[in-house]
Amino acid sequence: MDENFQEERFTGIIKFTPPLYKQRYQFIKDLVGKYKPKKVADLGCADCTLLWMLKFCSCVEVLAGLDICASVMKEKMHRLSPLPSDYLQPAERSLTVTLHHGSVAHKDPCMLGFDLVTCIELIEHLEQSELKKFPEVVFGFMSPSIVVISTPNSEFNPLLPGVMLFRHPDHKFEWNRAQFQSWALETARHYDYSVEFTGVGHPPTGMENVGFCTQIGVFVRKYPQASESAQSEKPTKAAYKTVFKAVYPSLKDKKYLQNAVVSEVIFTAQIIKQSLMDRLMSEHEEYNDDPTERKSKFQPLMNCFSEDLGKLVVVKNMEPFVNGNVIYIPLKTIFSFPKVNRLCGTFEKLSELIAGKVTLSSDGSAVMFNTEHENEEN
């Protein structure tokens with residue numbers, strides 16, 4: 001839930017650096033860096049700030065947000081859309097971001113299969129009836145590997161100017177450390193999770209006994225996820241409404257991979273071609289300066305102009321060569337460049353991806369450039 005503005009009002013004397021909400025988000029980001037979850041869901045995602053931060057984590061492939069207030073999500077959800085740069089340079093991983101409108105007290109199959117579920121400053125906004133259903137929905141139904149729950153520590157409230165009862169007018173309760181830990185330990189025991197307690201927002205020197213301003217419980221599932229047969233027994237009826245979905249361009253998509261490979265092949269071939277042209281020009285100038293002295297060195301290069309010998313050079317040395325007005329850049333030479341190799345994986349994949357997209361020799365073994373065009377440009 002979005003309490004950033006309210007917090008800044010109430011922490012006028014005690015200044016958290018960075019601000020408390022950023023510390024909570026950084027805690028999650030650090031956790032993602034440690035455990036490398038592929039699928040992350042943020043319950044009570046509000047303005048989607050945490051989701052926006054997590055979309056830059058290279059391990060994450062699926063992000064989902066859920067909030068009871070659709071208008072708050074819609075106000076900032078555009079930040080989760082791909083940028084033009086994402087299309088110009090697609091990432092190697094796939095990434096899908098989806099936002100849902102609904103209550104954490106309801107079960108929906110779209111929330112199954114997540115590795116990490118975060119509930120940042122959420123539970124204190126729940127009515128008693130919702131809080132009662134919450135553990136079964138998150139720990140029983142969703143059953144992720146890790147659940148992170150943060151909530152205000154009421155013991156810290158006397159240090160916050162302006163706080164009379166609760167930190168936010170929408171809070172239904174605020175627990176002290178003993179209350180939160182009692183609830184968390186019982187929930188963990190019931191659903192076979194372990195739980196560790198920590199927090200963010202250190203108290204002032206001399207007031208350490210009040211604990212962190214925000215208390216956090218990190219729940220880790222003890223046993224592997226339920227079998228497929230058990231999963232199939234879970235309800236399939238949708239309870240949430242999808243309000244946003246973005247699928248990022250990825251090199252796992254053949255269309256984007258092909259574009260990236262073709263661009264890299266042409267770029268690499270151009271570099272090799274220019275290097276060859278520069279060498280030829282240098283050799284030619286030296287040959288003209290002293291034909292007798294340079295003849296023996298220039299003769300092998302002249303032989304590259306022979307088509308038959310040129311093919312031999314491609315097979316044995318993977319060297320580029322010239323035949324008439326055409327420069328041939330062997331594909332195997334291009335494939336040996338690290339970025340091309342990494343993009344394609346195999347030489348066969350390279351040949352498949354550039355077929356029909358790049359001008360190749362009749363046997364498909366080399367990229368061709370016409371030197372006449374070069375001369376015209378020059």
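Mentor: The account below begins with the basis of the model and then turns to helix α7.

The model is a predicted one, in which local features need pLDDT of at least 70 and side-chain atom pairs count only at pLDDT 80 or more, while totals for chains, interfaces and linings use all residues. Residues are numbered from 1 along each chain as its sequence is written, and side-chain values use heavy atoms, with hydrogens and water left out.

The protein has 15 helices and 11 strands; helices (H or I, at least four residues) and strands (E, at least two) are DSSP runs, numbered from the N terminus. Of its 378 residues, 47% count as buried, where buried means under 20% relative accessible area, exposed over 50%, and partly exposed in between (1.4 Å probe, protein chains only). Among contacts with a separation of 6 or more, 73% are between residues 24 or more positions apart, a contact being heavy atoms within 4.5 Å.

Helix α7 covers residues 177-190, 14 residues in total. From its first C-alpha to its last it reaches 20 Å, close to the 20 Å expected at 1.5 Å a residue; the expected span is 1.5 Å times one less than the number of residues. The buried residues of α7 are Phe180, Trp183, Ala184, Thr187 and Ala188. Seen down the axis of α7, these buried residues fall within an arc of 130°, so they line one face of the helix; the arc is that of the directions from the helix axis to the C-beta atoms. An α-helix has 3.6 residues a turn, so residues three or four places apart point the same way. On the face of α7 turned away from the buried side are the exposed residues Ala178, Arg189 and His190. The cover over the buried residues of α7 includes α6 (128-142), β5 (146-152), β6 (193-200) and β7 (214-221).

Just after α7, Asp192 takes a positive phi of about 60°. Most residues other than glycine have a negative phi, and most peptide bonds are trans.

Rings of Phe, Tyr and Trp (its six-membered ring) pair if their centres lie within 6.5 Å; planes under 30 degrees apart count as stacked, over 60 as edge-to-face and the rest as tilted. In the whole structure, a search finds 15 aromatic pairs. One of them joins Phe16 and Phe156, whose ring centres are 6.0 Å apart and whose planes stand at 40°, so the pair is tilted. Phe16 lies in the loop between α1 (4-10) and α2 (20-35), and Phe156 in the loop between β5 and α7, so the pair ties together parts that are 140 residues apart in sequence. Phe16 and Phe156 are both buried. Phe173 and Trp175 also form a tilted pair, at 4.6 Å centre to centre and with 35° between the planes. Phe173 is buried at a relative accessible area of 11%, and Trp175 is buried at 12%.

The loop that holds Phe16 also contains Pro18, which is found between α1 and α2. A cis peptide bond joins Thr17 and Pro18, with omega about -5°.

Ser143 lies in the loop between α6 and β5, and its phi is near 50°, a positive value in a residue other than glycine. At 11% relative accessibility, Ser143 counts as buried. Just after α2, Lys36 likewise takes a positive phi, of about 55°. Lys36 is exposed, with a relative accessible area of 52%, and a polar atom of its side chain lies 3.1 Å from the backbone oxygen of Gly33.

Terms used:
A polar contact is a pair of N or O atoms within 3.5 Å; within protein, one must be able to donate a hydrogen and the other to accept it, and residues adjacent in sequence count only if both atoms are side-chain atoms.
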